[in-house]
Amino acid sequence: MKLDTLPFPFILLTPCFSGTAEGKTAQSAAMRVPPIRGHIRFWHRVLFGAESANRVWGSTAGEHGHASRVALRFCGNVEARQANPRPDILPHKPPGQRGPRVALGMGNEYSVTLQRLVGCSPGDWENAECAVKVWLILGSVGLRSNRAAGSVWPLADWVPTTHSALAALLGQFKCPWEVRLAGPALGDNANSLREAASNTVSDARYFGDIADKRRPGSRRHPSEIKFKVIRLDKKLRLLLTAPPSYPWEEARQVLRAKPLASVAWEGVFVPPPATVLPR
């Protein structure tokens, strides 16, 4: 039986801090399937709920564990140019605190293939395809992926090229998250956009924070809002995505003198209430 496959070529619009099995000691970065799979699974859960994500991408939950009903593989050569010089993991920090580290260079192109496996229903296959596309439009990969590092962008004829086309595509996907664009005054340089995305504040209500080692039991709160660099009208823009009920205006005011506070956050897409799934 021939199994259905779908190729998804994409490009890196910002450096990608995707590690290897060697961990922090690695002297090079690599594009790997497991991190990509994890990000796609996240967006599948956002779109269709945890039950669907577990059914399609597999689960190890006790007696109910089962294998994935789809496979994800690279097609073509995945050897790619390393960023040189090494980009900063925290580009908004003062010199000496930015933490340059190995990364894949922006402009690198890759292609992953989604393969349908035995037992994957037509509905599950359709949902998996949608999840991959939403990851490519709204997601990233690697360290600091919430702050526009590892910004992926699809290379295909279905890719939106204008503001209105992006809104229409998100509506077609029934995206349950709200999406905005940072105003064009922020510029269209990939490095400056990533720097602005990284230059937020530590506040669990809006941008997340890290565990305070001085406080027993303190835990990290990941950011609910996600930033990534995208390409519209042949220019780079900074995309902002957040779950339902995110306090957009409050968050912008909290930034005060930060670059992101000085530009408008233009509305792109607001989901109908019926599309919001339990988290």
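W177 is buried, with a relative accessible area of 6%; buried here means under 20% relative accessible area, exposed means over 50%, and partly exposed lies in between, with a 1.4 Å probe and protein chains only. This is a predicted model, in which local features need pLDDT of at least 70 and side-chain atom pairs count only at pLDDT 80 or more, while totals for chains, interfaces and linings use all residues. Residues are numbered from 1 along each chain as its sequence is written, and side-chain values use heavy atoms, with hydrogens and water left out.

Let us stay with the aromatic rings for a moment. Rings of Phe, Tyr and Trp (its six-membered ring) pair if their centres lie within 6.5 Å; planes under 30 degrees apart count as stacked, over 60 as edge-to-face and the rest as tilted. By this rule there are eight aromatic pairs. One of them joins F42 and W177 edge-to-face, at 5.9 Å centre to centre and with 85° between the planes. F42 belongs to helix 1 (residues 33-48) and W177 to the loop between helix 4 and strand 5, so the pair ties together parts that are 135 residues apart in sequence. Helices (H or I, at least four residues) and strands (E, at least two) are DSSP runs, numbered from the N terminus. While W177 is buried, F42 counts as partly exposed at 25% relative accessibility.

A further pair is made by W248 and W265, whose ring centres are 6.1 Å apart and whose planes stand at 85°, so this pair is edge-to-face. W248 sits in helix 6 (residues 248-254) and W265 in strand 8, so to speak distant parts of the chain, 17 residues apart, that the pair links. Both W248 and W265 are buried.

Strand 8 leads us to a sheet. Four strands form an open sheet in the order 6-7-5-8, with antiparallel pairing; two strands pair if DSSP finds at least two bridges between them. Strand 6 (226-232) and strand 8 (265-269) are the edge strands, and each pairs on one side only. On average, neighbouring strands of this sheet are turned by 35° against each other, direction ignored. Axes are lines fitted to C-alpha atoms, for helices over the stretch in contact, and angles run from 0 to 180 degrees between N-to-C directions. Within the sheet, strand 5 (residues 178-182) and strand 7 (residues 235-242) pair in the antiparallel sense over four bridges, and E178 stands opposite A242 in strand 7. Helix 4 (residues 163-172) packs on this sheet and touches strand 5, strand 6, strand 7 and strand 8; its direction makes about 45° with that of strand 8. Contact means heavy atoms within 4.5 Å.

Now for the other sheet in this tour. An open sheet of four strands has the order 2-3-1-4, again with antiparallel pairing. Strand 2 and strand 4 (152-154) stand at the edges with a single partner strand each, so one side of each is left without a neighbour in the sheet. The twist averages 30° from one strand to the next. Strand 3 (residues 109-116) is mostly covered, with seven of its eight residues buried. Seven bridges pair strand 3 with strand 1 (residues 5-12) in the antiparallel sense; F8 stands opposite V112, and F10 stands opposite Y110. F10 and Y110 also form one aromatic cluster with W135. Five bridges join strand 3 to strand 2 (residues 70-74), and these two run antiparallel; the bridge partner of R73 is T113.

Next come two helices. The axes of helix 2 (residues 50-57) and helix 3 come within 10 Å and cross at roughly 100°. That makes helix 2 roughly perpendicular to helix 3, a label for angles of 65 to 115 degrees; under 35 degrees counts as roughly parallel, over 145 as roughly antiparallel and the rest as oblique. S52, R55, V56 and W57 of helix 2 make the contact with D124, N127 and A128 of helix 3.

Finally, a look at the backbone. Most residues other than glycine have a negative phi, and most peptide bonds are trans. N84 and P85 are joined by a cis peptide bond, with omega about 5°; P85 lies in the loop between strand 2 and strand 3. A148 has a positive phi near 75° and is buried, with a relative accessible area of 0%. S245 has a positive phi near 70° but is exposed, with a relative accessible area of 77%.
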